[in-house]
Structures are given as structure tokens and as C-alpha cells.
Amino acid sequence: MMAVILHRAPVAEIDPRTLYRILWLRVAVFVVEQEAAYPEIDGRDIEEGAELLWATEGDDVLATLRLLREPANTRIGRVATATAARGRGIAADLMRAAVDVLDAEAPGIPILLDAQAHLAPWYARFGFVVSGPPFAEDGIPHLPMRRTRLTTERLVLRDWTRSDEDRAFLFDMYRRPEVRRYLGTGDVMTDTAEVDALLDRWVGLADGILGVRAVETTDGRRLGSVLLKRIPWSSGAGDGRPDDIEIGWHFHPDAWGAGYATEAASAVRALAERQGIRGLVAVTNPANTASGAVAERIGLRPAGETRDYYNATCALYVGLGGDA
């Protein structure tokens, strides 16, 4: 058996015969096999930054996918495997290659895809999570999915999933009075169903680089969350101004005192700065001096107390062009 070789190139650099085989495979899968009459050759293959990845065995194209660079994110699509090549893990090899390329090229920038609903568990193997409501495309049920990954010397920042392990960690963290003491009303979680409701809310916060990321060590030990999201104005505040962007952090007590919150928040702050976000703020309960110290360590400056957010009195920290 010949070796399977992975390739990557923009359309303009692909040999015409190979390009023909790639497009033939996509039409055979998405139009003929799935009986969907739609414009498979949609013009996006020749957009600036678009690339194709494909796997060959001799002259045969066994599998392919497409990378797109969009303004606020990157995107993977057109994942197709020839019927005779299925079950060999070739599409998985292409997916791993694709996310490695995009993670290295644009750390922390979301990778999006629209998954056929029955394939969502397969995409979850590569770190993708469902990021919105289901929809139908050409009569086929689909789910939007998203993957973000940002690394530091000790940490990995990624999307929260619905795995048993992630859900158990979140319940354990938010059932603790010492964690909830300075958050909202201070009420602790008492039912695991509250975790699912929390994850549902977090899905709604994801927009470009905004969202709530899990923080874990490079060996997979879960530590807490870091937030980058729009912050709600208090009643009567804002005066029509655009929402400010809030950075925040919630960590399990077992992770306190090791500098993890500072390291994670510094990485997210740097990502925000690279993406041109201005008006970044952090707010804490005025009694939460430990959280205030983290805000200062990541380069935000104290700006006194404010009632502009959450209908509560908060200690305010600003940076990246934010005003007190």
C-alpha cells in the first residue's frame, strides 16, 4: 500500500489535475451522495487566504477540507472523504493538521465550522463545541461549532464543553461559598442542572474572541475560567455608548495562590490588545482585594468605585484606552 500524504495549498498553486480530483470528490459527496442540489463550487475557494488541505495515495485524492480566513475568525469546511477511504482515520489526520495550522497562525482566534448534526461528536474530538441553535442547510440538520485555544507557559485556555468532567468541575467550583462570596448575590450552586444553564448563557456570550474560556494546566488539570465579554450597563448608565468589554476570572480554591489567574488573564488581555479592543475594564466587589491585585498585575489601573455596571457598587480597573 502506498503512503498517504497530506498537502496544503491555495487553489492557484494546485496542479489542475489534482484540483479537478478534489472538486470531483466534493461534488461526489455533497451533491451526489447527499442528494443536495446546491452550488458546491461557491466562489469561496478563491477568496484571499483560502486554502485547501487534501490527502493523496498515489494519484488518488482520498479526503479534503477547506480553510477560510474571515475577519473575526477562521473557518473549516467542505470536509469530505472518498467512500472507499472511510474508516482509516484520514479525515481525522486532516482535521488535526488544519487546527494545528490555524492555532499556530492565529492563537486564540476562534475556528468555526457548520457540522452536520450527526457528526458533531466527531468534531468534538478536536475541541469543537456547539455554539448556537441547530439549523437546516439544503434539508440537512446542522449545528454551528466553535473551537478556541490559547496557550501560555503553564496553561491552556479553551472552550468549556458539556463533558462530564467539565460539568463536574464547574459544579464543584461554584458550589463553594468562598468562590461565590463576591459574585452576584453570593448564592452557591446546589443542583448540577445549574451548570447546564450556565453553559447555555456562556454560549450566548461567544462572539469573535469574546467568550468564557476554561483554564487548565498543560497536563489537563482544570483550574477555573477567564472571561472576556460585553459588560451590562446599570439601569440608566451608558447613555447610548457602546458596551465596554470586561475581563474577569473565577478560579477554584485549589488553584489560588499560584499565579494562574494572572497568567491566564494576561494572555487574554494581550489577545484583546492584538485584536484592537479598547475600553477594557475589570470590576470587582470592593472587598475583593485579591481580585483587584490580579487586575493591577495584568496592567489595569484602579479607577475608584462605580455603579455603572451590574446595578451594584464595584471597584473599577481600566486599561487599553478605557476611561474611568
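Me: Which strands does helix H7 lie across, and at about what angle does H7 run to S13?
Reply: In this predicted model, helix H7 covers residues 260–274. The strands that H7 lies across are S9, S10 (155–159), S11 (211–217), S12 (222–230), S13 (245–251) and S14, and the angle of H7 to S13 is about 160 degrees.

Me: In what order do the strands of the open sheet run, and which are the edge strands?
Reply: The open sheet is formed by 8 strands with mixed pairing, in the order S9-S10-S11-S12-S13-S14-S16-S15. From one strand to the next, the twist averages 25 degrees. Pairing on one side only marks the edge strands, S9 (149–151) and S15 (301–306).

Me: What is the bridge partner of Thr284 in S16?
Reply: Strand S14 spans residues 280–284 and strand S16 spans residues 314–319. The two pair in the antiparallel sense over 5 bridges. In S16, the partner of Thr284 is Ala315.

Me: Which element gives the largest share of the lining of the second largest pocket?
Reply: The second largest pocket has a volume of about 850 Å³. The elements giving two or more residues to its lining are H1 (16–33), S3 (60–69), S4 (74–81), H2 (90–105), S5 (111–116), H3 (120–124) and S8 (140–147). The largest share is 7 residues, and it comes from S4.

Me: How many charged residues are in the lining of the second largest pocket?
Reply: The lining has 37 residues, and Phe30, Arg78, Val79, Gln116 and Tyr123 lie nearest the pocket centre. By class, 18 are nonpolar and 7 are polar, while the number of charged residues is 12.

Me: How many residues apart in sequence are the parts that the pair Glu105 and Arg69 ties together?
Reply: Side chains of opposite charge can pair when their charged atoms come close. The count of salt bridges comes to 30. The side chains of Glu105 and Arg69 meet in a salt bridge at 2.6 Å, N to O. Glu105 lies in helix H2 and Arg69 in strand S3, so the separation in sequence of the parts tied together is 36 residues.

How values were computed
Residues are numbered from 1 along each chain as its sequence is written. This is a predicted model: local features need pLDDT of at least 70, side-chain atom pairs count only at pLDDT 80 or more; totals for chains, interfaces and linings use all residues. Side-chain values use heavy atoms; hydrogens and water are left out. On a 1 Å grid over the protein atoms alone, a cavity is a set of points where a 1.4 Å probe fits but cannot get out, and a pocket is an open set with protein on both sides within 12 Å along at least five of seven lines; lining residues have an atom within 4 Å of a point. Grid points are joined across faces, edges and corners, and a volume is the space filled by probe spheres set on the points. Helices (H or I, at least four residues) and strands (E, at least two) are DSSP runs, numbered from the N terminus. Ala, Val, Leu, Ile, Met, Phe, Trp, Tyr, Cys and Pro count as nonpolar, Asp, Glu, Lys and Arg as charged, and the others, Gly among them, as polar. Two strands pair if DSSP finds at least two bridges between them. Axes are lines fitted to C-alpha atoms, for helices over the stretch in contact, and angles run from 0 to 180 degrees between N-to-C directions. Contact means heavy atoms within 4.5 Å. A salt bridge is a side-chain nitrogen of Lys or Arg within 4 Å of a carboxyl oxygen of Asp or Glu.
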